[in-house]
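Reader: I am new to this structure. Please take me through one part of it closely, and then show me what surrounds that part.

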Amino acid sequence: MITKIKVKGYRIHRDFELEPNPRINLLVGGNDAGKSSLMEAIALAMTGRIGGRPAAEELNPYWFNTAVVSEFLDSLLIGEAVWPTIEIELFLQNRPDLQALCGVHNSAIPAQACPGVVFRVIPNPEYDAELQAWTENPSILLPVEYYKIEWRHFGDSELTRRPRDLSIAIIDSRTIRTFGGVDYHLRQILNDHLEPSEKALISLEYRQAKSSMSDGALAALNQRLGQVEASLDQQPLKVAMDQTSRTSWDSAVAPHIDNVPFSMAGQGQQATIKISLAMGRHADRTNVVMIEEPENHLSHTSMVILLNRIERLAGEEQQLFISTHSTYVLNRLGLDSLMLINRDAVTTITGLTPETVGYYKKLPGYDTLRMALADRLVLVEGPSDEIIFERIFHDRYQMTPMACGIDVLSMRSLSLARCLELCARLGKRVAVLRDNDGQDPAALRESLEDWLDGEHRELFIGDVDHGHTLEPQLIHHNGEAALRDILGIRADARVDVWMTREKTEAAIRIAESRQRIVAPAYMAAAAAFIHG
Amino acid sequence: MANHLTLAVAGSRKTQGLIEHCAALAPTRRVLVVTFTQRNQHELSERLAKSIGLQTNVEVMGWYTLLIRHFARPFLPFVFPGRRVQGFDYDGLPNRFATNEERFFNPAGALYAAELGKLANLLVEQSQGALLYRLESLYDEILVDEAQDLSGWDWELLEKLFASRIDIRMVGDIRQSVLSTSPRSRKNKQYAYAKALAWFQTKQRRGELEIEYRNTTWRCSPGIARFSDTIFNPAWGFPETESLNEVTTDHDGVFLLANRNVLAYVERFRPQCLRVNVKSGTAFDLNYINFKVAKGATYERVLIIATGPISTFLQRGKSLDPGPAATFYVAVTRAQQSVAIVLDRPGQSLIPYWEQ
């Protein structure tokens, strides 16, 4: 459906380009990375609306990219300045049913004929004088009153409403706009479930029902009102059901769940229903479905049900854009669909083996999202390794790993090879620490050799002679006496037994100790590697 | 691709045939009906709406609109990168020796109607199939009414459409080629007017086109039909027209009319008065319509102001040139019952005079 998205100058996106997957796109990124702006941009170009309202009514100075605007203001001082503009371009698949939108009026070089739409916000030449006057005393807030919106398809014809051939469903579960709980998008979705003839029939019956109200129950009232001298020249006064288009049937109906009106249902329930309604339409009608943070308002169980449903309903011809902060959503819908958004940069995963995708689908609780979002990573075996590493890192650099953009993650018993594969595909710098468990480190390294390059990804394992796990390694490097003191345990207790039994407690006590800790050699090496 | 041409005489219900064809189609079939005159377009839309309702699968548009909307507008940058269609110049002509942009755009940036066919051809070639693919995706059939009015580069374009997946169905009457979509184009000049027939026949021989002849008129009475056949040089080989109009009135057929009787005649029969252009027939203050404008219309009776060539044709039997022959044919065949031609001296003409 959408084969390429170009966003120029809209909010956080100064010059953004993305070639989405034909089916599922999972947009992830930190806060302010531009996930929502991207979804907005797609909706603007496809529907000419934002949040269900016409773009022209919603246009405001904050739509413009702040960097572009400040550069414009700077260049105003020098003289020649080009007014900031917004341009959102959607290239669509070259399918027969989209040919009405086909043409060469797009930014592709060399010229390329394909269907598509372009949405622009540009200075209105009719207000040239006003715009000129504004530059005398400019501010960071552009005079959008003198701008105009230009919405065209690639065939260079103006669009005034969503083209018939493009259909989009937008589900935003973050804020449920109230209109009897039925927002513009939901009404749109309900409408799309109906054939034109069905719509006409409903409309007609609704009018007739209202009309019979006027003749029936209201008749007695009208009889009495008729006696009242209300109007200026004695014409009789009466009331009738409002038959204007303001009160058409679609604003009067609301979905009910188990006889409870939609707006009274829980927010999670509302979101789930919207998603199911939007995706359950004829596959050939809804081309694009956009879901913002489906995990919101949902318990874990409900989310599992919803995700199963999304997976089942996703038709061949439907393209899904889902923004999420949930690792569960990400793993469940397939890591290979991940699009890591960071302002104008997009990282996609290519070449992830189907086995690895399947592996994480079966282990959806695992925090792959953290791996995706981190700048650099340290993978350790368990919580005690995590705590000790953080302490050692801080000792060396006087900063926490997090402050350096390094995320320390416990893998628990996850497959190291799978984690490394994912990191490699994401292009992450990663240090992996593991116990030798009495085996030769060289042998342990062998199975991971494919993913290690000593530059971006490296494995660190303690000497077998220094102990099989973290605790003996700490004892080896610090000595029993010192550790006994650091841990504050009784003189008759055996340090190795106590530490092995109370792993996490020992780690916390070490981390909080004011005394000097000697780092196990492999851990120090890992810290140095990842710090760079 | 199945391409058809129906060559028909005036009054043989060509347009009705198109409408019936549309009405018989499945509603899923997307049809574009192309016409050449505004009047025709309007009439067609109305008659279509009457017979098939406001179905969205049949669209009516003018030939130039088709070329702008589906050729020039979406694909212009293939020939002129960065340019857009910003207007249409119906009357203007480029300088005879203009090349490149100046050939196609007037100084204000509007496209010359006269060069639109050429531009459309260029765009089809430059788009490497994208243009025709788009058109094929939008329409299953293109119906061309008054196909005789195509000219110049339009023929070239037709040839390209014949090869597409779209079914092309045309109706026309070579005898009525009064309008030319490209007035000055020398391209395919050989096909102009009557020679169009030869072009169609070539296509037929190559198996690209099926031609069907319809020589029966429902409109003109037998006398008018017979006279209309005499307008053309027999060497052009048009088949004879057969009349199915069996209505008789007290005044049927073709008559000559002396100037002195014109007012009385108009008073008595209330004919539609036709003239070649605004400079003709100024001796009388009548409610004239120009020949070309009358195209497609039907009147019970018409009165025609003879032009110089028409007079010569009637008085000395000298054949008319293809152009004047076509316009005169259009004028004569508007009538159902009677045609009166204003001419004072009969020469060798055997047509009777109407007297009070």
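Author: Start with one pair of residues in this predicted model. I168(A) stands opposite V288(A), a residue of β13(A). The strands involved are β10(A) and β13(A), the latter spanning residues 288–292 of chain A. They pair in the parallel sense, over 5 bridges. In general, strands of a sheet pair through backbone hydrogen bonds, and the sense is either parallel or antiparallel.

Now widen the view to the sheet. It is open and has 6 strands of chain A, in the order β10-β13-β14-β3-β15-β16. The pairing across the sheet is mixed. β10 (168–172) is one edge strand of chain A, and β16 (345–348) is the other. Each of these two pairs on one side only. How much are neighbouring strands turned against each other? The average is 20°, with direction ignored.

Next comes a helix. α1 of chain A covers residues 35–47. It lies across β3 (24–28), β10, β13, β14 (319–323) and β15 (338–342) of chain A. Against β13(A), helix α1 runs at about 150°.

Notes: Residues numbered from 1 in each chain as written. Chains lettered and ligands numbered in written order. Predicted model: local features only at pLDDT ≥ 70, side-chain atom pairs only at ≥ 80, totals over all residues. Pairing = 2+ DSSP bridges. Helix = DSSP H or I, 4+ residues; strand = E, 2+ residues; numbered from the N terminus. Axes fitted to C-alpha atoms, helices over the stretch in contact; angles between N-to-C directions. Contact = placed C-beta atoms within 7 Å.
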